[in-house]
Protein chains: 2
Amino acid sequence: MTRVRDLSEEQILERIVPLLPRGSATLLGPGDDAAVLAAPDGRFVVSTDVLVEDRHFRARWSTGYDVGRRAAAQNLADIAAMGARPTALVTSLVVPGDTDVEWVTGLARGLADGCAPAGAGAVGGDLSGGPCLVVSVTVHGDLEGRAPVLRSGARPGDVVAHAGVRGWSAAGLALLEAGLVRAPLSPVPLEVGEGVVLEDAWERLVSAHLRPEPPLAAGVAAAEAGATAMLDLSDGLLRDAGRLAVASGVRIGFDAGAFAADREELRSAARAVAAASGLGDPGWGPGRSDVDGVLDGWIWGGGEDHGLLATFPADVPLPAGWTAVGLVREPGEGPAVTIGGAEPDVGPGWDHFRA
Amino acid sequence: MTRVRDLSEEQILERIVPLLPRGSATLLGPGDDAAVLAAPDGRFVVSTDVLVEDRHFRARWSTGYDVGRRAAAQNLADIAAMGARPTALVTSLVVPGDTDVEWVTGLARGLADGCAPAGAGAVGGDLSGGPCLVVSVTVHGDLEGRAPVLRSGARPGDVVAHAGVRGWSAAGLALLEAGLVRAPLSPVPLEVGEGVVLEDAWERLVSAHLRPEPPLAAGVAAAEAGATAMLDLSDGLLRDAGRLAVASGVRIGFDAGAFAADREELRSAARAVAAASGLGDPGWGPGRSDVDGVLDGWIWGGGEDHGLLATFPADVPLPAGWTAVGLVREPGEGPAVTIGGAEPDVGPGWDHFRA
């Protein structure tokens with residue numbers, strides 16, 4: 001094994017840079033003091049997100065490749081949530097000296113594969129030693145002449161719609177924490193509860209946690225269709241929906257039956273997690289350890305699916321990839337977000353300094 | 001003292017965001033999934049740099065304010081080195097939960113003051129807990145219709161010129177390490193060697209280390225004057241000059257008397273450091289502990305001054321802030337960089353995984 005400290009910074013970069021995609025907007029790639037990117041729109045969109053070892057990922061479950069995929073995905077989702085098309089990202093990497101160089105080249109491959117669906121480039125970065133792995137990505141996008149879709153534009157009467165998966169990432173993490181699936185991505189066939197484990201389905205959930213695939217094309221499609229507000233779901237549906245409601249000065253009413261398809265997809269995993277010993281509290285939600293409590297926690301409280309939540313005028317046909325899940329209501333008394341007309345009884349999303 | 005873990009992420013952001021400058025290119029600032037920036041040129045320049053506690057700064061010497069100033073400065077210098085005007089930056093911050101919130105608000109103030117000379121905005125970021133302080137900044141700039149000034153454009157016969165200070169950051173660090181000046185920025189009057197310490201001058205050197213002030217305007221001026229190549233000096237003059245030489249396929253010959261003014265500015269500090277016990281090796285350079293050896297190490301090997309090195313056609317008057325320090329030579333046998341025609345006997349610059 002070659003460790004990072006066995007190579008110079010330049011030797012490491014020589015291994016990384018050839019793995020990175022150029023992207024069609026890149027006028028000057030890595031190697032100089034800065035990259036140069038095209039911004040044909042005369043504006044660009046920019047966002048940054050950081051992943052920290054043992055906060056956002058565990059090195060025993062996530063390979064470098066997984067972390068690269070995830071870093072790209074969660075950043076690209078922020079660009080999609082503005083209705084923009086991702087063009088390029090840059091990456092700062094902090095890595096302990098005893099890290100296998102393969103972890104770092106895996107990260108580069110993961111970034112590349114994460115960028116591929118969007119055609120985005122990876123155009124530069126910085127590399128430093130440090131006590132734990134930190135991956136900070138900054139991503140850019142092009143609005144292609146459209147107005148950005150903000151959190152603040154939802155109007156009473158709009159339809160609330162969702163794109164992507166719900167609760168899969170939280171379910172995947174719970175399966176890993178319960179030891180019901182082993183990572184990196186090698187499922188363990190187990191007999192749990194009533195029947196045989198559907199290991200393929202469970203592996204999809206773990207994959208959704210380790211390598212989320214945000215619905216990037218749905219962001220641009222929503223903007224083109226006239227979405228009035230949109231945001232990336234990274235901290236839990238209720239918490240993020242509350243942010244949209246507050247920014248727009250409205251209330252969000254989710255249908256009681258919203259996310260029924262995801263709920264069924266997750267049920268076998270929820271049953272297994274609820275049955276597993278020592279898991280009285282699923283980690284999200286109201287602390288109910290029954291199957292429906294676990295499902296509620298994953299769907300409404302689980303973060304990091306990086307789906308999109310948007311609002312559309314009621315007369316607009318929803319574009320491909322979007323499902324209606326509720327209505328925007330007038331501001332007024334009561335909670336900013338309701339489920340089936342009632343106040344949710346699941347807790348707030350993740351807080352990085354309290355969890 | 002209020003610690004970071006005593007507040008929610010949103011409460012911390014409420015304290016930070018009002019401290020950040022908006023910048024004239026900012027169309028949409030912090031608070032949504034992404035910021036929107038103007039790119040009137042139809043292109044933009046982007047670079048990223050990370051600062052890690054105990055690698056790039058020590059919390060006992062650098063306040064949050066200092067780290068913010070430094071993070072802004074070193075990133076803005078990369079934009080200036082392309083001949084671009086900085087427009088805006090975003091910041092990822094990793095911070096242990098027991099950190100004083102004042103450190104974080106100080107960082108925001110330092111970023112703001114670092115951005116002020118360039119009129120750049122601070123338009124977004126991300127915040128996470130973690131085991132040590134990590135500040136990752138990504139900065140953007142506008143080329144205003146000019147071609148970017150690359151490392152690869154130097155031609156034989158060009159004049160090599162320098163803007164900014166040389167060796168000050170290394171001298172400031174050495175004064176801190178020797179205990180000759182106390183930080184945060186409270187100089188200790190001491191009798192050293194032949195005479196009374198010039199504490200004001202020393203404090204300037206320590207300030208240059210903790211709060212570097214890159215010659216941002218000189219970057220744009222160089223591009224406008226027709227500089228053929230340029231780069232930011234962050235890893236040591238010889239190492240960075242070597243990069244420019246290799247990228248351009250030329251050799252760089254520094255004059256024997258280059259940086260004479262900086263040398264005199266640094267002499268009293270070098271005398272004190274050489275005289276201080278236990279400092280046989282100054283940390284840079286050839287391991288010579290005599291005054292001229294210390295000076296050579298700081299001038300030629302010291303990093304993080306964030307001055308600029310550029311090459312100009314011989315018939316171009318150097319713009320304000322630039323000093324001629326050498327000539328570009330034809331490629332050929334011998335070292336890529338010489339001083340007074342001879343091979344330098346000082347060591348290479350900093351390597352983050354070896355130092």
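Tutor: Domain bounds here come from an automatic or database domain assignment. On that basis chain A splits into domain 1 (4-142) and domain 2 (159-339). This is a predicted model: local features need pLDDT of at least 70, side-chain atom pairs count only at pLDDT 80 or more, and totals for chains, interfaces and linings use all residues. Residues are numbered from 1 along each chain as its sequence is written, while chains are lettered from A and ligands numbered from 1 in the order in which they are written.

Student: What makes residues of domain 1 of chain A count as in contact with domain 2 of chain A?

Tutor: Two residues are in contact if their C-beta atoms, placed from the backbone, lie within 7 Å. By that test, 18 residues of domain 1 of chain A touch 20 residues of domain 2 of chain A. Helix 2 of chain A gives the largest share of the domain 1 side, nine residues. Helices (H or I, at least four residues) and strands (E, at least two) are DSSP runs, numbered from the N terminus.

Student: Why is strand 7 of chain A called mostly covered?

Tutor: A residue is buried if 20 or more other C-beta atoms lie within 10 Å of its own, exposed if 12 or fewer, and partly exposed in between. In strand 7 (residues 159-163) of chain A, five of five residues are buried, so the strand is mostly covered.

Student: How do you know which sense strand 7 of chain A and strand 12 of chain A pair in?

Tutor: Strands pair if DSSP finds at least two bridges between them. Strand 7 of chain A and strand 12 (residues 307-312) of chain A have five, in the antiparallel sense. One of the bridges joins V159(A) to F312(A).
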